[in-house]
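Good morning, and thank you for joining this group meeting. I shall present one structure, beginning with a helix, then a ligand, and then some charged pairs.

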Amino acid sequence: MELQGKTAIVTGSARGIGEGIAVCLAREGAKVVINSRKEQDCQETVERIRAAGGTAIAIAADVAKEDQVTAMVAETVRQFGRVDILVNNAGIESPPTLLKDISEEVWDRVMSVNVKGVFFCCKAVIPQMMAQGKGKIINVSSVAGVRMTFFGGANYTASKYAVTGLTNHLAWELADSHINVNTIAPGAVLTPLAEQNTTQEYRDMTTKRLIPLGRWCTIEDLGNAAVFFASDRSDMITGQTLAVDGGALTGFGEDLRPVIRQRMADMQAAHDKH
Ligand SMILES: NC(=O)c1ccc[n+]([C@@H]2O[C@H](COP(=O)([O-])OP(=O)(O)OC[C@H]3O[C@@H](n4cnc5c(N)ncnc54)[C@H](O)[C@@H]3O)[C@@H](O)[C@H]2O)c1
C-alpha cells in the first residue's frame, strides 16, 4: 500500500484510462476523487473501488470551466482534508480529420478540454500542494504529444504537445515547492470505447505494424505507471514523459522483427564467410 494516507483527484475517471488509473491508485490506499462532467456517470467507478475496500467519492466538474474546477478542489479538501496527487486525464479526441477540414469550433473544443482543462486543474491544486509542502501532478498526454498519431487530427496532436510543454515548464516552476510534474503518454489503449469503435481485424493490423510488444495497452498498464509517478519512488523524477505504448515509439512493429532478424543473420553469415 504505497499511497496510504494520500488523496488523489483523477479527472475524466468515470471510464477508460482514468478509471484504470483511479482503481490502481485506490488499490494502493489513496482516497480517490472520481470526476466527470456528470455525477451519475461516476457512480459505477466509485462503487467498483468501494467494493474492493477502497475509498472514493464522485465530484462532477467540467475541467474546461474554471469555476467548476475550483469547486471540485475545494470539495475534495472539505471531504478529505488534502490533495496529494492530481491526474489530468480528461481529454477528448476529434475524428482524424485533415487540417483543412477542421472547423474553429472543433479546434477550440479540443484545446479547451485538453489544454485549458490541464491549466485550470493545475492552477486550482497548486496552492493546496504548496501549503502541504509536496505534491505529484501527472498529465496524461499521448504518443501524439511525442510524435503524432493518425488516430486523431493535427489539432489533437497540437493539444498533446501543449500538455508536454506544460509539464516541462511546471516541473521547473514547482521544483522548489517539491511538486513533481510528469507526463504519461499512452499508445493504443483498449478502453471500452476503443473496443466499441474498432474491429478485431483493425486492432490486429495496428498491433502488427506498430506495437513491438504485441498487444494494445490495458487501462491497468496506464494505472501502474500512474502509481509510480504518484508514489515516493518517483521523488527525484520531474519533467519527464513516460510512454506506455508497447514500444510503438520505436517506430517498428512486430511484423518487421522477422525481416530484420533475417537481415542480421544474412549479414553475420556474409561476415563469417570472409
Ligand atoms: N484511448 C487511447 O487509446 C488513448 C491514447 C492516448 C492518449 N489517450 C488520452 O487518455 C485520456 C483518456 O482517454 P480515454 O480513451 O480513456 O477517454 P474516454 O473518452 O474513454 O474517457 C474520458 C473520460 O473523460 C471524461 N471527460 C471528457 N471531457 C471532460 C471534461 N471536459 N471534464 C471532465 N471530464 C471529461 C469523459 O466523460 C470520460 O469519462 C485522454 O486525455 C486521451 O487523450 C487515450
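This is a predicted model: local features need pLDDT of at least 70, side-chain atom pairs count only at pLDDT 80 or more; totals for chains, interfaces and linings use all residues.

Residues are numbered from 1 along each chain as its sequence is written, and side-chain values use heavy atoms, with hydrogens and water left out.

Let us begin with helix α1, which covers residues 16–27. Helices here are DSSP runs of H or I with at least four residues, strands are runs of E with at least two, and both are numbered from the N terminus. From first C-alpha to last, α1 reaches 17 Å, close to the 16 Å expected at 1.5 Å a residue; the expected span is 1.5 Å times one less than the number of residues.

How many of the 12 residues of α1 are buried? The number is 11, and among them are Gly-16, Ile-17 and Glu-19. Buried means under 20% relative accessible area, exposed over 50%, and partly exposed in between, with a 1.4 Å probe and protein chains only. Just after α1, Gly-29 takes a positive phi of about 100 degrees.

I turn to the ligand. In the side chain of Asp-62, an N or O atom is 2.9 Å from a ligand nitrogen.

Side chains of opposite charge can pair when their charged atoms come close. A salt bridge is a side-chain nitrogen of Lys or Arg within 4 Å of a carboxyl oxygen of Asp or Glu, and the count by this rule is 18. Asp-62 forms one with Lys-65, at 3.6 Å between the closest N and O atoms. Asp-62 counts as buried because its relative accessibility is 17%, whereas Lys-65, at 41%, is partly exposed.

Glu-254 forms a salt bridge with Lys-208, with the closest N and O atoms 3.3 Å apart. This pair links distant parts of the chain, 46 residues apart: Glu-254 is in the loop between β7 and α9, and Lys-208 is in helix α7.

How values were computed:
A polar contact is a pair of N or O atoms within 3.5 Å; within protein, one must be able to donate a hydrogen and the other to accept it, and residues adjacent in sequence count only if both atoms are side-chain atoms.
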